[in-house]
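Subject: Structure for your review

Dear colleague,

I am passing on the structure below, and I would be grateful if you could read the notes that follow with the coordinates open beside them.

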Amino acid sequence: MKTANQDIKPITTKINEKGNIEIGGCDLVELANEYSTPLYVFDEETIRAITKSYKDAFKAYPKMKMMFASKAFMTKAICKIMQEEGFGLDLCSGGEIYTAKSADFDMKKTLFNGNNKTYEELCMALDYGIGTISVDNFFELAILDNIAKSQNKTVRILLRITPGIECHTHEYIQTGHLDSKFGFDLTQVDNAIELIKEEYTNLQLIGLHAHIGSQIFEKKVFYDEVDVIFKEIKRIKDKHNITLSEINLGGGLGIKYTENDKPISIYEIAETIIESIEEHSKKYNVEEPYLFIEPGRSIVGTAGVTIYTAGSSKQVPNGRRYQAVDGGMADNARPSLYQAKYTVEVANKPKEEEKEIVTIAGRFCESGDILAKDVNLPIIEEGDIICFYDTGAYGYSMSSNYNRVLKPAAVLVNNGKSDIIINRQTYEQLCENDIIPERLN
Ligand code: LLP
């Protein structure tokens with residue numbers, strides 16, 4: 001069955017009677033007028049449809065625990081939606097922990113991840129009652145045990161391992177290959193376990209964690225990942241007599257940014273993972289463990305679009321036409337960082353026949369700030385509303401104040417209603433942490 005990550009547009013996208021693009025029953029041109037641009041627009045129905053697909057696809061595996069990798073898009077409103085949908089949260093910083101806690105999220109259903117968690121963040125995690133910590137390295141084992149002992153607590157931990165699996169995605173978003181900064185190399189696992197058994201007695205090892213990479217289109221890597229983890233669980237049982245009862249396979253399922261992308265469905269990935277678990281639990285004689293997955297991009301990516309207003313334009317004599325918009329690399333770093341490609345439409349003229357090849361340029365002071373190169377669009381005029389699809393994941397979460405441009409607002413749309421979930425930043429907020437030393441006044 002097809003799932004929403006296999007479509008470019010949010011599931012509620014339509015052209016309305018005014019001839020404008022509408023998402024969640026809200027006209028994008030009207031949203032631009034009401035909230036100004038750039039604006040992130042999130043379709044609640046698409047987010048919920050995807051979470052439901054994940055739950056449905058994995059229902060054949062009763063020991064399933066769904067988590068949302070909040071690094072893809074983290075706000076208090078998203079925490080509420082995930083809580084309602086029965087998802088836990090994968091958190092990777094003090095800021096994400098704080099946001100979840102501020103949204104009254106059930107902290108028992110959270111996992112803390114990261115290759116260099118600070119002492120303060122680990123203390124915070126314990127104070128706030130984080131459910132599980134995925135320990136990445138020897139340094140972290142030592143400080144976490146120290147904190148746990150000082151608070152007289154036992155902490156449930158997973159060991160993050162590097163499974164040695166390569167996936168075919170952008171080099172910057174591969175994580176499972178051997179030469180990676182994340183996790184224990186398999187040759188280091190025994191040493192870590194000895195330390196937990198003998199010295200780090202306030203750490204309770206319950207399972208293994210791996211994450212291969214992001215924007216993955218292949219099933220086989222997930223099949224192989226399960227194989228590597230089960231082999232390791234069996235080895236640990238035989239060598240240390242420890243039974244691990246939880247595995248976390250990370251996230252990584254891809255979405256469709258352009259017609260060239262062919263992501264697999266949530267049902268296909270679930271089937272592959274469940275099959276692999278059944279097969280390998282028999283092969284290695286290991287009881288089927290609790291299974292965690294922590295997708296980020298595939299949950300919020302397709303649901304979010306960014307709308308911009310067209311401003312200046314430049315025709316290079318005998319060359320390209322550049323059409324600038326009022327945002328760019330600070331609200332969407334992905335094109336300049338990963339050469340990411342997007343599908344673009346003009347929200348107030350989606351059906352217009354007359355077209356030209358145009359390059360959509362951002363407003364930031366960098367030649368590399370190009371949002372979409374050589375795209376085929378209706379003739380754009382100043383004031384047109386340009387819609388970039390699939391910006392829901394790693395758009396806002398990687399945004400910056402480069403050039404001291406304010407961070408955009410985000411709205412959640414549903415059934416003709418729009419609600420602000422992130423206010424547009426103000427100039428006062430922009431300067432609130434600046435201090436002029438006395439001697440400069
Ligand atoms: N779990 C772990 C341990 C991760 O490191 C990540 C993503 C995820 C889960 C979620 O992966 P997803 O389902 O979203 O693929 N900024 C990049 C993506 C970086 C991914 C980092 N880790 C981008 O915009 O493409």
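Among the 18 residues around the ligand, those that come nearest are Ser214, Arg297, Arg334, Tyr338 and Tyr394; please keep in mind throughout that this is a predicted model. By class, the shell around the ligand divides into six nonpolar, six polar and six charged residues, and it draws at least three residues from each of domain 1 (4–42 + 304–431) and domain 2 (44–300).

A nitrogen atom of the ligand, in turn, is 2.8 Å from an N or O atom in the side chain of Glu294. The ligand taken alone exposes 590 Å², of which the protein buries 92%.

The largest cavity, with a volume of about 80 Å³, has among its lining residues Tyr54, Phe58, Phe222, Leu249, Ile269 and Pro295, together with Gly250, Gly251 and Gly252, and its lining comprises nine nonpolar, three polar and no charged residues. The second largest cavity has a volume of about 50 Å³ and is lined by residues including Pro38, Asp326, Asp331, Phe364, Ser400 and Lys407; by class, this lining has six nonpolar, two polar and three charged residues.

With best regards

Notes. Residues are numbered from 1 along each chain as its sequence is written. This is a predicted model: local features need pLDDT of at least 70, side-chain atom pairs count only at pLDDT 80 or more; totals for chains, interfaces and linings use all residues. Side-chain values use heavy atoms; hydrogens and water are left out. On a 1 Å grid over the protein atoms alone, a cavity is a set of points where a 1.4 Å probe fits but cannot get out, and a pocket is an open set with protein on both sides within 12 Å along at least five of seven lines; lining residues have an atom within 4 Å of a point. Grid points are joined across faces, edges and corners, and a volume is the space filled by probe spheres set on the points. Ala, Val, Leu, Ile, Met, Phe, Trp, Tyr, Cys and Pro count as nonpolar, Asp, Glu, Lys and Arg as charged, and the others, Gly among them, as polar. A residue is near a molecule or strand if one of its heavy atoms lies within 4 Å of it. A polar contact is a pair of N or O atoms within 3.5 Å; within protein, one must be able to donate a hydrogen and the other to accept it, and residues adjacent in sequence count only if both atoms are side-chain atoms. Accessible areas come from the Shrake-Rupley method with a 1.4 Å probe; for residues, only the protein chains shown count as cover. Domain bounds come from an automatic or database domain assignment.
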